[in-house]
Amino acid sequence: MLQDTAANYPDNPALIFEGRPVPYRKLDGYVEALAGHLLEIGLGRGDKVAIVLGNCPEFVISYFAALRIGAVAVTLNVMSTSYELQHLLEDSEAKILITAEGLAKRFEAVAPALPLCRHLITTAGLKDGSPFYEILQIGKKMADSPPLTEDDPAVMIYTAGLTGKPLGAVLTYRNLATQAWLLRDIFDGTAKDRSLAVIPLFHSFGASVNMLCPLALGGAVVL
């Protein structure tokens with residue numbers, strides 16, 4: 001979807017963050033670079049990529065990079081404590097965590113108890129000195145995306161855990177696509193529209209309404 005939109009609207013702003021636009025051409029290139037890095041460190045189809053980020057360009061890039069290699073994006077609440085994070089990473093069987101530098105200590109406190117989660121990428125923004133941004137600048141290319149079906153898992157979102165520990169709910173590629181197109185029809189959306197992302201993107205509603213729908217149309221997401 002993102003590749004198609006980038007081909008049709010390469011110069012349209014895809015993201016607007018702190019007043020600065022990221023055009024579709026650049027966003028797609030960033031996604032490709034991170035996807036190539038994920039493949040290089042051994043991740044692939046079906047592997048879980050945990051994302052603990054607020055509403056920033058790095059969240060969108062990480063989300064689509066995971067999907068591009070056929071992995072599952074596990075979007076987690078940025079307010080999770082170390083104890084909660086340990087359960088979420090262990091339960092999801094995540095092999096990598098992508099998070100902000102200021103949140104990395106929560107992972108480091110429980111990392112010895114998470115032998116499966118062997119990789120950590122931190123970000124301090126799209127600027128020099130940020131490990132995440134350095135990966136994007138290398139610009140590693142990847143082969144074609146693996147063959148996937150509409151019913152393959154794409155995203156895992158955790159419930160509030162009102163009756164116990166949070167449980168992971170899996171969304172398929174079909175789920176994501178139908179949500180995006182349904183919202184397009186409801187809003188009569190076009191490539192000229194902008195979506196103000198106030199609800200967290202790690203929430204299923206935020207991701208569908210504020211991210212997937214406008215990016216499917218060629219519109220802009222204001223973060």
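The legends below describe close-up views of a predicted model.

**View 1. Parallel strands β5 and β6 and the crossover that connects them.** Strand β5, covering residues 94–100, runs parallel to strand β6, covering residues 119–123, and the two are joined by 5 bridges. Within this pairing, Ile98 stands opposite Ile121 of β6.

**View 2. A salt bridge between Asp47 and Lys95.** The side chains of Asp47 and Lys95 meet with an N to O distance of 3.1 Å. Asp47 belongs to the loop between α2 (24–40) and β3 (48–52), whereas Lys95 belongs to strand β5, so that the pair ties together parts lying 48 residues apart in sequence. The relative accessible area of Asp47 is 14%, and this residue is therefore classed as buried, while Lys95, with a relative accessible area of 24%, is partly exposed.

**View 3. A salt bridge between Glu150 and Arg174.** Here the side chains of Glu150 and Arg174 meet at 2.9 Å, N to O. Because Glu150 is located in the loop between α6 (131–138) and β7 (153–158) and Arg174 in helix α7 (residues 173–187), this contact ties together parts that are 24 residues apart in sequence. Glu150 counts as partly exposed, at 47% relative accessibility, and Arg174 is likewise partly exposed, with a relative accessible area of 36%.

View 4. Side chains of opposite charge can pair when their charged atoms come close. A search of the whole structure gives a total of 9 salt bridges.

**View 5. A cluster of aromatic rings formed by Phe59, Tyr63 and Phe64.** The three residues Phe59, Tyr63 and Phe64 are linked into a cluster by pairs between their rings. With ring centres required to lie within 6.5 Å of each other for a pair to be counted, the number of aromatic pairs comes to 2.

Notes:
Residues numbered from 1 in each chain as written. Predicted model: local features only at pLDDT ≥ 70, side-chain atom pairs only at ≥ 80, totals over all residues. Heavy atoms only, no water. Phe/Tyr/Trp six-rings, centres within 6.5 Å; stacked < 30°, edge-to-face > 60°. Pairing = 2+ DSSP bridges. Helix = DSSP H or I, 4+ residues; strand = E, 2+ residues; numbered from the N terminus. Right-handed = clockwise from strand over helix to strand, strands pointing away. Salt bridge = Lys/Arg side-chain N within 4 Å of Asp/Glu carboxyl O. Buried < 20%, exposed > 50% of the residue type's maximum accessible area, 1.4 Å probe, protein only.
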